[in-house]
Amino acid sequence: MSEKKHVAILGSTGSIGTQTLDVIQAHLDKFVVEVLTAQNNADLLIAQAKQFLPNAVVIVNESLYSQVKAALDPLDIKVYAGEKALAQVVEMESIDIVLTALVGYSGLLPTINAIHAGKHIALANKETLVVAGELITELAKSKGVNIYPVDSEHSAIFQCLVGEFHNPIEKLILTASGGPFRGKNREFLANVTKEQALKHPNWDMGAKITIDSASLMNKGLEVIEAKWLFGVRKDQIDVIVHPQSIVHSLVQFEDGSIKAQLGLPDMRIPIQFALSYPDRFQSDFPRFDFMNYPNLTFEQPDIKTFRNLQLAYDALEKGGNTACILNAANEIVVAAFLQDKVGFLEMSDIIEETLVKMNYIQQPSLEDYVETDKLSRLMATELITRNI
C-alpha cells in the first residue's frame, strides 16, 4: 500500500475511537486522520484534533460548538456541530474509509450516507447491521463498498475466511467471555448492581457494551451482525462461552475443518486489520504465549438465565423490523439500568414485552426503520415508567 489512507473516525473519543488513533499514531506513514467526531467530550476532541490536525471535526452536542470552534480556529480545522453534520461529513471527497465507532442506533444514518458516497466502512457499530442489515448490505453491494468488521469476533471470522472466500461456510462459532456473571443463577442476578455489571473480566469497553456483554445481549447482536456480514443462516451461527477470550471466533467449512483466530484481548488488532486490509502491518502489541494459558475452556451459554441471547436469535428468525425493535428497546433498558431505574433481569422482560407490543413490518424501508426505532423507544420507556 503506497498511498496513505485518509480515515474518518466517527466517535473518536470513545474506547474504539481512542484505540484507532493509537493504531494510526503508530503508522503515520500509512494513515491520515481526515475527520474526528464526538458526542459530548469536547475537551478530548480538541486534544485529538490538535495532535492529528484533521480536515474537519464534528461535535454533535451543539451547545459545545463555540468551545470547539474557538480552540481549533487558529489551526484552520473546519468545525461543525449537530447530528446532520455528523451524517453529512462522511461524504467529504477526501475520505477513503470511515470507521464507525458510534454507540447504538446513532451509527445508522452516517453509515448509510458514507456508503452512498462510496466510502469503505470499518464497522465497529454492530447496531447498524442489527437494525437494517438487509438494507445496508444491499446498498454496499450496489455501491461497490466493502464493510470490514472491527468487532473482535467478526474480525476473527473475516481473518479465517481470507483465502477461503470461494469455499462455502458450514458454521460460524462466535465465542463469548460470559461476562462478569458467568455461571450465576437468576436469584443472584435479581440483585446485581450496575457497578458489578460494569466489571468485565477481560475487555475494557464503554458502559453500554459492557452491560450488553453482562446480559449476553452483545452476543445476540453479534449473531445478527454475523448473518448479514457473512451471508449465513441463523442455524449456521453458534455461540460458545470461552472465559479466557483468547479464541476470538471460529469458522467450520464443509470438509469439517475448523479455523480459529487467537490472540490476547486487544481491540487494536482488529482495528488495525480493518484499516490495513489486505495488508498486515507490524505492531508492538503484546504477544500471546500459550504457556501463560495452559487451559482454554469452552461451555454452552445459559440462555434460560441470560434470555437476551435467545431473544436475539428469535428476532433474527422473524426478520423484518424485529431486530430494530430489539435494539431500540435494549438501548432504552440499558440506559435505565445504568440510572438504577430497572433491575438486571427486568431488562429482558421489558425488551420481550416491547417486541410483543410493537407492529411487525415484514419488508421495512429506511423510513420504517426510523419510525420503528422511535416508537420502540417510546414503548420501552412507557413500560419502564409503568414498572417503577
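How many bridges join strand β10 to β11? Five bridges join strand β10 (residues 247–253) to β11, and the two run antiparallel. Strands (E, at least two residues) and helices (H or I, at least four) are DSSP runs numbered from the N terminus, and two strands pair if DSSP finds at least two bridges between them. The structure is a predicted model, in which local features need pLDDT of at least 70 and side-chain atom pairs count only at pLDDT 80 or more, whereas totals for chains, interfaces and linings use all residues. Residues are numbered from 1 along each chain as its sequence is written, and side-chain values use heavy atoms, with hydrogens and water left out.

The pairing of β10 and β11 belongs to an open sheet of four strands in the order β9-β8-β10-β11, with mixed pairing. Strands β9 (237–241) and β11 (258–262) stand at the edges with a single partner strand each, so one side of each is left without a neighbour in the sheet. On average, neighbouring strands of this sheet are turned by 20° against each other, direction ignored; axes are lines fitted to C-alpha atoms, for helices over the stretch in contact, and angles run from 0 to 180 degrees between N-to-C directions. Gln-252 stands opposite Ile-258 in β11. Helix α11 packs on the sheet, where it touches β8 (169–176) and β9, and its direction makes about 150° with that of β8. Contact means heavy atoms within 4.5 Å.

In helix α12 (residues 268–276), seven of the nine residues are buried, so the helix is largely enclosed by the rest of the structure. These are Pro-270, Ile-271, Gln-272, Phe-273, Ala-274, Leu-275 and Ser-276. In helix α13 (residues 308–318), the buried residues include Asn-308, Leu-309, Tyr-313 and Leu-316. The buried residues of α13 pack against α10 (207–215), α11, β9, α14 (322–338) and α15. Gly-319, with a positive phi near 75°, follows α13.

Grid points are joined across faces, edges and corners, and a volume is the space filled by probe spheres set on the points. Two cavities of 30 Å³ or more are counted. The largest cavity has a volume of about 70 Å³. Of its 13 lining residues, His-248, Gln-261, Asp-266, Ile-269 and Pro-270 are the closest to its centre. Helix α7 supplies the largest share of this lining, four residues. The second largest cavity holds about 50 Å³ of space, and α15 gives the most to its lining, with three residues.

The second largest pocket has a volume of about 520 Å³. Its lining comprises 21 residues, of which Ile-147, Trp-228, Leu-229, Phe-230 and Gly-231 lie nearest its centre. The elements giving two or more residues to this lining are α6 (127–143), β7 (147–149), α7 (152–161) and α11 (217–230).

Notes. Buried < 20%, exposed > 50% of the residue type's maximum accessible area, 1.4 Å probe, protein only. 1 Å grid on protein atoms, 1.4 Å probe; cavity = no way out; pocket = protein on both sides within 12 Å on 5 of 7 lines; lining within 4 Å.
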